[in-house]
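Let's walk through this model together, one stop at a time. Have the sequence and the 3D view ready as you read.

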Amino acid sequence: MPQTEGARLFRETWIAGVHQHFPGEPKAGYVIPWEDTPQWEREAAGSVYDQVRQFVEISGGHTSRLSREQKSRFVATCWTAQMFKHFEEPKPGYVADWPDLPSWQQETDADIFEAIEKALS
């Protein structure tokens, strides 16, 4: 899957996860469609997609044995690195460590990892 399609998969899975896991009404920016997503965010999504894809591939597909928490932590860490890449001083919430993320975000990050795994199988 080309990086642009992977970035789109990332974004669409993020939106679906927000709708499923977020308590109440999410902020509009959380669910903005791909066409309206800022360029930096598209690039970040594509980079994280690539990192997960490579991790799954070099693991011989055995990432399926990881827990949802491990998968979520991987996505969150990759995303945090992208925030430091795209912002000189990102908001603290953008770079919070995994245990400090809200549970809806942890679950959504795991969903993203699993969607990428599924797309590769």
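This is a predicted model: local features need pLDDT of at least 70, side-chain atom pairs count only at pLDDT 80 or more; totals for chains, interfaces and linings use all residues.

Which residue forms a salt bridge with Arg 8? The partner is Glu 35, and the closest N and O atoms of the two are 2.9 Å apart. A salt bridge here is a side-chain nitrogen of Lys or Arg within 4 Å of a carboxyl oxygen of Asp or Glu. Arg 8 lies in helix α1 (residues 3–21) and Glu 35 in the loop between α1 and α2 (39–58), so the pair ties together parts that are 27 residues apart in sequence. Arg 8 is partly exposed at 30% relative accessibility, while Glu 35 is exposed at 51%.

Residues are numbered from 1 along each chain as its sequence is written, and side-chain values use heavy atoms, leaving out hydrogens and water.

Now step back to the fold. The chain has 4 helices and 0 strands, giving the pattern α-α-α-α along the sequence. Helices (H or I, at least four residues) and strands (E, at least two) are DSSP runs, numbered from the N terminus. With 121 residues, a compact globule would have a radius of gyration near 14 Å, and the chain, at 13 Å, agrees with that. This radius is taken over C-alpha atoms, and the globule rule is 2.2 Å times the number of residues to the power 0.38. Along the principal axes, the C-alpha atoms fill a box of roughly 35 × 30 × 25 Å. Buried residues make up 41% of the 121 in the chain.

Next, look inside. The largest nonpolar core has 23 residues, and Phe 10, Val 48, Val 52 and Val 75 touch the most other members. Such a core is a set of buried Ala, Val, Leu, Ile, Met, Phe, Trp, Tyr and Cys residues joined through side-chain atoms within 4.5 Å. Helices α1, α2, α3 and α4 each supply at least two of its residues. Leaving aside neighbours within four places in sequence, Val 75 is in contact (heavy atoms within 4.5 Å) with Phe 10, Val 48, Val 52, Asp 109, Ile 112 and Phe 113. Gln 82 lies in helix α3 and is buried, with a relative accessible area of 8%.

Finally, return to the charged residues, where the count comes to 11 salt bridges. Arg 68 pairs with Glu 114, their closest N and O atoms being 2.7 Å apart. This pair links helix α3 (residues 68–86) to helix α4 (residues 103–120), across 46 residues. Lys 71 forms a salt bridge with Glu 117, with closest N and O atoms 2.9 Å apart. Lys 71 in α3 and Glu 117 in α4 are also 46 residues apart. Are these two partners buried or exposed? Lys 71 is buried at 4% relative accessibility, and Glu 117 is buried at 13%. Salt bridges that share partners join Arg 68, Lys 71, Glu 107, Asp 111, Glu 114 and Glu 117 into one network.

Notes:
Buried means under 20% relative accessible area, exposed over 50%, partly exposed in between (1.4 Å probe, protein chains only).
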